[in-house]
Amino acid sequence: MGYELEEITLSQSIFYYLIEHRELREEDDLSLYKAYTENENIIDLVKRQGIIAGSLIERYGNIIYLIPDEDNTYLGFSKQNLKSILCKSTATDKDYYLSQFVILTLLVEFYDGQGSSSKSRDYLRVGDLLNSVSERLKEGIEGSDEESEDIDGLAFSNMLEAFEALRSEEKGSRARTTKEGFIYNILKFLQNQGLVDFIEEDEMIKTTKKLNQFMDYNLLNKKNYKRVLKVLGVSENE
Amino acid sequence: MDSFLNNFPKRMKNVGSYAFLFKNSMSKTTWKQYGFEDFYEQTNMIFIVLLFIMEQSLKDEPCTMDDIGGFIDMVNMRSFKKPISYMECKELGDFIINVILGNEGKVMYFKGYDFQEEGYKDIHISFINNKPVYIDDEVRRTSYYLTDDGYNLMLSTLEMESNMLLTIHEMIFKLHIEKASYDKAVDDIKNIFNQMRIQYQRIREAMRKIKQNALSYSVLDYKILLEDNLETIGDTSKKFSGYRENIRERVRELEDKDINIQKLDKEDTKNLENLKIIENYLSRAIDEHQQILKTHFELKSLYTKELEDLSQMTLIKRFNLRTELYDKVLKNPESLRNIEYFIRPLLNQEVDKIYNINKSVEIQKPIRSRLKDEDEEVLEFDNEQWQEEKIAKQREKLKLYNGSLSVILAHAHENNGISLKNLKEGLNGDYSQLIPNVEIFKEIVIELLRNEDIDIPELKKERSEHIAENSALEFQLNESILELMDSNPYLEDIKKISTYRINDETTVIFENVNSSAGKIKRIYCSNIYFDLI
């Protein structure tokens, strides 16, 4: 199939724009957005470039996103990168897994819906998130199998210890050694990633359109269920 | 099927609003902490707060937790007289907003029986929503506003169908004009204007909802809104222009009289004033009408577009996050080892930068003006000027803060402690320095109350230990106090400043003070004592 030179140039511009901004909004660059949505060839070219760059190019609503593949650690995050951003420098693996658990809990709190969208609540207060995390950790301790407890210290009891070891302080503390600070740091990170709106003053967490769309279209899409299987360590037989 | 059951779900929506409100409020012990023992007291309070939010929504002004707390404090001070502090009022506001009205963030569904489909149907109910706003372009806060359901609930407390409201108010307005009772007509026209505002905000709220998730916005809602719009737009513009002409005519008559007979009696002057107010509101109503017309079309195209985009999404089959992943992780923590695999598509990493060696031979530019290096690469050439202007503005504002604080300190010092009431009397009606505007005064008093006791030697010690950057341009109570003490030697002997409420139930009223928005306000304060040691 032949492509026009103009189409190739446009697709390259779009791809570079995506590398730079990670998303292309209709209102930010109308001409590029139109070029993408109105020309099948360009969509095809940009998606191909995406595959080469180990990413997926998808349009959700009126925004085109660049989504790094799960194992793309150049455009996406590796475990080490994530750890250094989410935890204090002396953090152990326990702390890191705890941070992952916090993010997962946040997602579950927000996206437990079964309707046409998975979104199930409008907002969450930081305090509620904190409570939810420690409750779930306790639940985890009760529910998890005894045998898996000791391997490398990856057990809920250890995480709960790490969590409870963080000091709890009145509002205002941002030190990573307090529960609030630990959560703030994670929320700040998610906010920088454009996933949540976090208003410190009111301890208010709201999800962004981007996160809503990613959850509905991508993360919870049955097509991507293999990710869950991989996380759970179940081998695929499909 | 019996036809009287046809509109049952619609009725249930209205009833559901009340049901949820009471369900969320009843048997909550939190109320008792604040002295609201009986359910009628609690119910009254909920609706007072709802009305306040409606008022703020109508004015398009932000409504943060502080505003709500302050309002409750004011109402309590003036009317309920419960022994609760400002902070407690704020907590009470938080409870009402988040637990009762917000259902702790969880979406509310009321099940109403649908006799056409023979089954219970989920009816979505929400009273308030919130959005981030910037206060004074600096602080990000959550601002609450009424949703469509919220407006309906509040309007239904006055027993009128929303789509009839305009017509009814209009009729009353006409009657009043004909009877020449202009003072009442002023209220009517204000009501009409408010109705139009509500309609306009409804459209905007609908657009916001659609943008967020078009599916959560039902076709029925859309239909009702469009019909309401059309009705509002209908012939109002023509009618209002007609009224305006009519009113102008009467104003002219009165004014002619004024010139000819030199003097109008008192009543006519009053009428003239009222007529001018009416004319003003009518003009605004016509503007509002234009806005509604414009947004009406925007709404239509937005909804069509979003639905088109969404038609593909409904086809997606999704799994349940909780049962498929979360519960399993809870059973087996080992899975957390790879959990980031699931989350990673959400995250993007900054790409490494490459250093271009040519940069080293570029002409060096001073980077003095770059105080904040965040959002400011654009408009390089008047960056510095802008920065300076901003700083100057901040300094100006800080001066007002210090001015107000110095009045409090000076009077307290003179009298060895002073109550707000006496301070007011001591000022003989000139509050311009004490209250440059309501917001500044409020912030200072709240800061003082929050700190309760301020230990000056302690502060000084703290200051000597930390080399403070001199760039703090925001109001910091401690710094301002020290600064004032430095520049006013007679204040030097203050060791401690204590601020507390006097529970003598007196209310101190300041009239004719400015708000930052330039409006003249009257403020009610509880009596406070500023004590110096």
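Me: In which sense do strand β8 and strand β9 of chain B pair, and over how many bridges?
Reply: In this predicted model, strand β8 of chain B covers residues 507–514 and strand β9 of chain B covers residues 520–526. One of the pairs joins B:Val513 to its bridge partner in β9(B), B:Lys521. The sense of the pairing is antiparallel, and the number of bridges is six.

Me: Which residue in the turn of the hairpin formed by β8(B) and β9(B) has a positive phi?
Reply: The hairpin formed by β8(B) and β9(B) has five residues between the two strands. In that turn a phi of about 85° belongs to B:Gly518.

Me: Is B:Ile408 buried or exposed?
Reply: B:Ile408 has its place in helix α14 of chain B, which spans residues 383–414. Not counting residues up to four places away in sequence, B:Ile408 touches B:Leu423 and B:Phe530, and its C-alpha atom is separated by 7.3 Å from that of B:Leu434, 26 residues apart along the chain. The cut-off for burial is 20 or more other C-beta atoms within 10 Å. Because B:Ile408 has 22 C-beta neighbours inside 10 Å, it counts as buried.

Me: Where is B:Glu104 found, and what is its phi?
Reply: B:Glu104 is found in the loop between α5 (86–101) and β1 (108–114) of chain B. With 14 other C-beta atoms within 10 Å, B:Glu104 is partly exposed. Most residues other than glycine have a negative phi. For B:Glu104, however, phi is positive, with a value near 55°.

Me: Which element gives the largest share of the side of chain B that touches chain A?
Reply: The contact takes 53 residues from chain B and 69 residues from chain A. On the side of chain B that touches chain A, the elements that give two or more residues are β3 (128–135), β4 (139–146), α12 (321–331) and α13 (340–343) of chain B. The largest share, nine residues, comes from α12(B).

Me: How many residues of the side of chain B that touches chain A are nonpolar, polar and charged?
Reply: This side of the contact takes 53 residues from chain B. They divide into 15 charged, 15 polar and 23 nonpolar.

Terms used:
Residues are numbered from 1 along each chain as its sequence is written. Chains are lettered from A and ligands numbered from 1 in the order in which they are written. This is a predicted model: local features need pLDDT of at least 70, side-chain atom pairs count only at pLDDT 80 or more; totals for chains, interfaces and linings use all residues. Two strands pair if DSSP finds at least two bridges between them. Helices (H or I, at least four residues) and strands (E, at least two) are DSSP runs, numbered from the N terminus. Two residues are in contact if their C-beta atoms, placed from the backbone, lie within 7 Å. Ala, Val, Leu, Ile, Met, Phe, Trp, Tyr, Cys and Pro count as nonpolar, Asp, Glu, Lys and Arg as charged, and the others, Gly among them, as polar. A residue is buried if 20 or more other C-beta atoms lie within 10 Å of its own, exposed if 12 or fewer, and partly exposed in between; C-beta atoms are placed from the backbone.
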